[in-house]
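Me: I am new to this structure and would like to go through it by question and answer. Please show it to me before we start.

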Amino acid sequence: MPVSRTLPSDDARALLDLTVDLADRELRPRVSADEKAARFPRDVFATLGRSGLLGLPYPEEFGGGAQTYEVYLQVVEELAAAWLAVGLGVSVHTLSAFPVASFGTDQQKQEFLPGMVGGELLGAYCLSETVSGSDAAALVTSAVRAGDDYRIRGTKAWVTHGGVADYYNVFLRTGGSGAGGISTVLVDAATPGITPQPPEHKMGMSSSPTSQIVFDDAVVSTSRLLGEEGQGFRIALAALDGGRLGIAACAVGLAQAALDYAVAYAQERKQFGQAILDFQGLSFMLTDMATQVAAARALYLDAARRRDAGQPYGPQAAMAKLFATDMVMRVTIDAVQVLGGAGYVEDHPAERWMREAKVLQIVEGTNQVQRLVIARSLSGRRAATSGPRLSHST
Amino acid sequence: MNIVVLVKQVPDSGSERTLDSTDNTVARASADNVINEMDEYAIEEALKVKEAHGGEVTILTMGPDSATDTIRKALSMGADKAIHVTDPALHGSCVIATSAVLAKALGTIEWDLVLSGAQSTDGGLTMMPALLAERLGVAHLSGARKLTVDGSKLTVERQTDGGYWTIEGQTPAIVSTWDTMNEPRYPSFKGIMAAKSKPVTTLSLADLGVDESEVGLGAATSTVLEFASRPPKSEGEQVNDEGDGAAKLADFLASKKFV
């Protein structure tokens, strides 16, 4: 059943209708096979790009859709409901234009944004390393200036779209230790000296490659520096606030899919002469799932509206991410339970959704890190954008 | 090359469809109305020809006011403008009367090529392109799976059950298209927004100089006398092999006149 939404305009309604149409016709028919084969659907992203869905929250002058986060995130939610790896991929890609859009010079915006938001290119982030995950400010990948170039050395880890992206936002060290020594450089994937490693073998979302990227004296012009040297950690944290909302929207979409499937199954499945939906014990499971999904949606939309209004929204984004991703874990586990044995086999998507849900509690800041962010906002130490290593930030 | 694409709004063939029991016409009010699937291929082909050769693409639709949704969809794919022929007196018009009205509407604009889906999923008559070609005195290249435009020369691969023919014609002409022709594009979000400001000309029977008595249910050349829904599928027949399974299967097939 289509999700009933409050949307701010007829344009937004038309955009969501288009998204649902694309999800039904281009995503749902092949998600199961592509996940099983660990096949990245680059052509699906091309279709979404042609339809204008890969740059929704960016200005029209650069080819974007000029949509609010409130609307953009509901598009992500609908895509994730059909195919989590695609919804999450759109969130990651959309975010990959954020450093240029928010910190780039006018010249950088003119040069890079149209390709990023126009749907032709696919982007990625290189923040984490094997030794620096939650403690992102401890990263060691370095860029050494040589004339008008940076020479980049190091290994980035857990890169979504690693090996399939056209460009990477690389967070690296141009200065001393700590958050203040980190900068952001935009790097073409085809740059010599960049070697994506084979994709990780993940518990779920196998169609979306996650890999390490090795930088072995990759030479990149200093004109690719985004913002100023030393501003990289701030850029990363600001991007993460938006990214957390993307993950929350993905979680709500996935949970909605699991809920809808469980309800449909419970209506059809008969035991003891009646639909199992008519057993109160089971229907109350479904009612709790539905309530949790609705609550998570309300939470991420509230944070999105704050962002759209120009208000601080970091703690609200962390709350939305925390609540929505814990919620989707519970809801997908319960969906398997509603299906019983059928939930445990690959003939139905419930077991896959349960595996996929887990990653959402980990990415864009683990849920433990979200609690850190929320805790700091409670004690008033840092309100808007905050991360785990505040002592290092400037 | 200015192209007109004939577009019809029909009840979604993937949903429950029925006739209206008051006058045995297609029940539109209760249906999920969409663009006739085959017409999407005609629109796509028109847009491709336009992209290659320039010109304008005009959508022509006859249907109730609610057909506006279908017109917007066609415009959001990239067509430039639309003509919507709508008049309460048109309700229940047969294919012959409809072709007369559409021919009049085609007379209101300049065009080189008319593209049309080869059939509609509601009426399914496949007669409209031929009727229009006859009324307008232009070539009809039917059932295309491929269209090549070279100046005023049109070359069509005409799809048939056994293969295809290559046929040629000159503009002005009508080409009807099958769903093997191309892969219709999705509208883009920008296209959806742009469609709202594209011109749609609404024409009534009076605008076209057609008398009400010539159209509608009363003037229809064919009448649906009665209809019944398709009977629900019955359970299949199970054949148990007790040493004579093959004979039983053969008897079953013979009883159904398969062998």
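Reply: Buried area is the accessible area, taken with a 1.4 Å probe, that two parts lose on being put together, summed over both. The model is a predicted one.

Me: Into which domains is chain A divided?
Reply: The bounds come from an automatic or database domain assignment. Chain A is divided into domain 1 (10-117), domain 2 (123-232) and domain 3 (234-378).

Me: How many residues do domain 1 and domain 2 of chain A each bring to their contact?
Reply: The centres of the two domains, taken over C-alpha atoms, are 22 Å apart. Their contact takes 21 residues from domain 2 of chain A and 25 residues from domain 1 of chain A.

Me: What area do domain 1 and domain 2 of chain A bury between them?
Reply: Carbon and sulfur atoms carry 65% of the area buried between these two domains. The area itself is about 1800 Å².

Me: Which side chains of chain A meet in a salt bridge at 3.5 Å, N to O?
Reply: Across the interface of domain 1 and domain 2 of chain A, the rule finds 1 salt bridge. A salt bridge needs a Lys or Arg side-chain nitrogen within 4 Å of a carboxyl oxygen of Asp or Glu. At 3.5 Å, N to O, the pair is A:Asp166 and A:Arg42.

Me: Which element gives the largest share of the side of domain 1 of chain A that touches domain 2 of chain A?
Reply: Between these domains, 12 residue pairs are in polar contact. On the domain 1 side, the elements that give two or more residues are α2 (31-37), α3 (42-50), α5 (84-96), α6 (98-103) and α7 (106-117) of chain A. The largest share, 8 residues, comes from α5(A).

Me: Which three residues supply 37% of the area that chain A buries against chain B?
Reply: In the contact between the chains, 17 residues of chain A touch 9 residues of chain B. The area buried there is about 1100 Å², with 58% given by carbon and sulfur atoms. The three residues that supply 37% of chain A's part, more than any other three, are A:Asp11, A:Leu18 and A:Arg25.

Me: With which residue does A:Asp11 form a salt bridge?
Reply: The rule finds 1 salt bridge across the interface of chain A and chain B. The closest N and O atoms of the pair are 2.3 Å apart, and the partner of A:Asp11 is B:Lys196.

Me: Which element gives the largest share of the side of chain A that touches chain B?
Reply: The two chains have 5 residue pairs in polar contact. On the chain A side, α1 (10-27) and α3 of chain A give two or more residues. The largest share, 8 residues, comes from α1(A).

Me: What percentage of the residues in chain B are buried?
Reply: The secondary structure of chain B comes to 7 helices and 13 strands. Its C-alpha trace spans about 75 × 45 × 40 Å along the principal axes. Buried here means under 20% relative accessible area. Of the 259 residues in chain B, the buried ones make up 44%.

Me: How far apart are the end C-alpha atoms of helix α1 (residues 37-53) of chain B?
Reply: Helix α1 of chain B has 17 residues, so at 1.5 Å a residue it should span 24 Å. The model agrees with this, as the end C-alpha atoms are apart by 25 Å.

Me: Which residue follows α1(B)?
Reply: Buried residues within α1(B) include B:Met38, B:Tyr41 and B:Leu47. The residue after the helix has a positive phi, near 80 degrees, and is B:Gly54.

Note on methods:
Residues are numbered from 1 along each chain as its sequence is written. Chains are lettered from A and ligands numbered from 1 in the order in which they are written. This is a predicted model: local features need pLDDT of at least 70, side-chain atom pairs count only at pLDDT 80 or more; totals for chains, interfaces and linings use all residues. Side-chain values use heavy atoms; hydrogens and water are left out. Helices (H or I, at least four residues) and strands (E, at least two) are DSSP runs, numbered from the N terminus. The expected span of a helix is 1.5 Å times one less than its number of residues. Buried means under 20% relative accessible area, exposed over 50%, partly exposed in between (1.4 Å probe, protein chains only). Contact means heavy atoms within 4.5 Å. A polar contact is a pair of N or O atoms within 3.5 Å; within protein, one must be able to donate a hydrogen and the other to accept it, and residues adjacent in sequence count only if both atoms are side-chain atoms.
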